[in-house]
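Thanks for coming. Please have the sequence and the model open while I talk.

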Amino acid sequence: MKVAIIGSALSGNKGAAAMLESAVHHLSERHPGVEISHLSMYPRSDAELNTHESVTVMDASPLRLGVLINGGALAWRVLPFARESIASGVPEVGAIADADVLLDQGGITFVDGRTKFLIYNVASVLPALFVGTPVVKCAQALGPFKSLANRTLAKAILPRMASIVSRGAVTQAHLDTLGLTNTVAGADLAFTLDVTEADAASAEAKVDTSFFAGGDVVGISPSQVLRAAAEGRGEDHVQQIVDQIDHITEELGRPVYLVAHSTRPNEKTHNNDLPVCRLIHERVASPDRVLFPDGELSSQELRSLIGRCDVFVASRFHAMVSSLATGIPTLVLGWSHKYREVLDMFGLASWALPADDVDLATFVLRFAELDAQKGAVRAQLAERFPAVRAKAMEQLDVIDAVAHQQPASTSSSTAS
């Protein structure tokens with residue numbers, strides 16, 4: 001079996017890494033000898049981090065993807081006599097053409113308000129359509145489709161996917177407005193990420209885990225996305241998080257684990273929470289009561305550490321996935337329907353708050369409520385998680401069906 005994967009990466013956003021690692025693990029387990037071409041937006045960093053013999057990291061950095069790969073794929077379609085030369089000159093095109101299926105692991109695509117990302121959303125799947133390779137959009141958030149540009153492109157591209165796995169009921173409802181018949185209800189593949197004893201030992205070698213010995217650590221994962229949005233409104237997002245941490249450390253007397261869940265080895269802010277976390281750590285009243293690993297950890301190492309927290313406050317989506325997967329009661333300060341629809345699978349959507357509406361008083365109140373109810377919330381997470389994980393695993397059957405040119409079952413419902 002040959003598989004091409006695009007839209008995720010080992011470096012940068014560790015949620016994308018969790019989706020990629022989960023796909024590689026389960027595909028390799030199901031199909032020994034599988035060959036996976038990973039079309040990476042960060043090819044150099046991903047090649048350094050790649051430990052999988054089955055995975056070949058290829059260069060799909062944005063400019064190369066938009067010009068060479070899409071142009072080469074179009075040439076492949078209209079100039080069949082030149083295909084050998086095209087595959088030699090742009091090997092990514094050859095890998096896509098040779099694959100049984102392309103997996104698009106973009107975590108959130110074709111969404112109103114994210115117009116600047118629409119070109120990338122289209123460019124990620126268009127080469128496969130040009131060369132005739134079926135595409136499965138793995139579980140992700142999509143919609144709404146009310147803006148003219150987004151609705152036009154979504155109606156042009158999404159019906160041509162072999163299958164679209166919705167990541168929750170809200171996404172499914174958005175997809176239904178387009179009248180699509182190629183959707184399957186699912187859950188994020190990152191819920192299936194396995195953390196081994198070796199992963200936990202690796203985390204312990206990099207981070208002083210004695211910090212968690214008291215059992216009352218509060219995890220907080222800020223987001224550069226929210227920082228940019230807040231600064232666009234003239235707000236000091238860094239100080240907002242500092243105030244939240246100071247409340248926890250000074251008023252409640254509890255330690256805080258500050259999580260950079262999206263990291264890059266530079267000061268660029270795209271897919272990088274390290275700069276905002278550094279600013280937060282510099283301003284907090286008691287930095288000695290805040291654990292901040294200033295560097296890159298793997299998705300498995302991060303999940304291992306998040307799972308040691310008592311409660312969690314998440315603004316990064318996949319930090320939330322890790323806290324839910326490890327049974328940690330979580331307060332979510334988010335910016336999209338993608339948070340609430342996943343929490344709803346656990347019956348916990350009431351713990352999702354729009355970040356732009358949360359002042360310190362609201363945070364203090366809602367955090368206190370979660371802390372008081374954490375026992376019941378923890379029990380509910382434990383009860384619901386097996387069904388959510390099973391729903392996430394079902395998309396592997398969808399991938400197999402598409403790769404072997406079998407019809408995938410369709411549904412307009414999602415995990416309960």
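First, the ground rules. This is a predicted model, in which local features need pLDDT of at least 70 and side-chain atom pairs count only at pLDDT 80 or more, while totals for chains, interfaces and linings use all residues. Residues are numbered from 1 along each chain as its sequence is written, and side-chain values use heavy atoms, with hydrogens and water left out.

Two strands pair if DSSP finds at least two bridges between them.

Let me start with strand β8, residues 163–166. Is β8 covered on one face or on both faces? Both are covered, with Ser163 and Val165 buried on one side and Ile164 and Ser166 buried on the other. Buried means under 20% relative accessible area, exposed means over 50%, and partly exposed is in between, using a 1.4 Å probe and protein chains only.

Strand β8 has partners. With strand β7, residues 135–142, β8 pairs in the parallel sense over three bridges, and Val136 stands opposite Ser163. Between β7 and β8 the chain passes through helix α7, residues 148–157, in a right-handed β-α-β crossover. Right-handed means that, with the strands pointing away from the viewer, the path from the first strand over the helix to the second runs clockwise.

Strand β9, residues 183–185, runs parallel to β8 and is joined to β8 by three bridges. Here Ile164 faces Thr183. The chain gets from β8 to β9 through helix α8, residues 169–176, and this β-α-β crossover is right-handed.

Helix α8 contains His174. This histidine counts as buried because its relative accessibility is 18%. Setting aside residues up to four places away in sequence, His174 touches Leu142, Gly143, Pro144, Phe145 and His337; contact means heavy atoms within 4.5 Å. Pro144 sits in the loop between β7 and α7.

Another loop, between β6 (108–109) and α6 (118–131), holds Phe110. Its phi is near 50°, a positive value in a residue other than glycine. Phe110 has a relative accessible area of 0%, so this residue is buried.

Next, an open sheet. Six strands make it up, in the order β13-β11-β10-β14-β15-β16, with parallel pairing. At the edges are β13 (290–291) and β16 (352–354), each pairing on one side only. Inside that order, strand β10 (residues 218–221) is joined to strand β14 (residues 311–314) by four bridges, and Ser221 stands opposite Ala314.

Now the cores. A nonpolar core is a set of buried Ala, Val, Leu, Ile, Met, Phe, Trp, Tyr and Cys residues joined through side-chain atoms within 4.5 Å. Which residues touch the most other members of the largest core? Among its 71 residues, they are Phe191, Ile245, Tyr257, Ile280, Met320 and Phe346. Helix α14 (residues 317–325) gives the most to this core, with six residues. Apart from it lies another core, of 38 residues, including Ala99, Ala128, Met161 and Leu175.

Val238 belongs to helix α11, residues 237–251, and is buried because its relative accessibility is 2%. Leaving aside neighbours within four places in sequence, Val238 contacts Arg227, Val276, Leu279, Ile280 and Arg283.

Last, helix α17, residues 374–403. Its 30 residues reach 43 Å from first C-alpha to last, close to the 44 Å expected at 1.5 Å a residue; the expected span is 1.5 Å times one less than the number of residues. Where does α17 bend? The bend is at Arg384, by about 40°, and a proline, Pro386, follows within four residues. A bend is the angle between axes fitted to the seven residues ending at a position and the seven starting there. Arg384 is also one of the residues touched by Phe346, along with others including Gln380, Leu381, Phe385 and Val388. After α17 comes Gln405, with a positive phi near 55°.

Notes
Helices (H or I, at least four residues) and strands (E, at least two) are DSSP runs, numbered from the N terminus.
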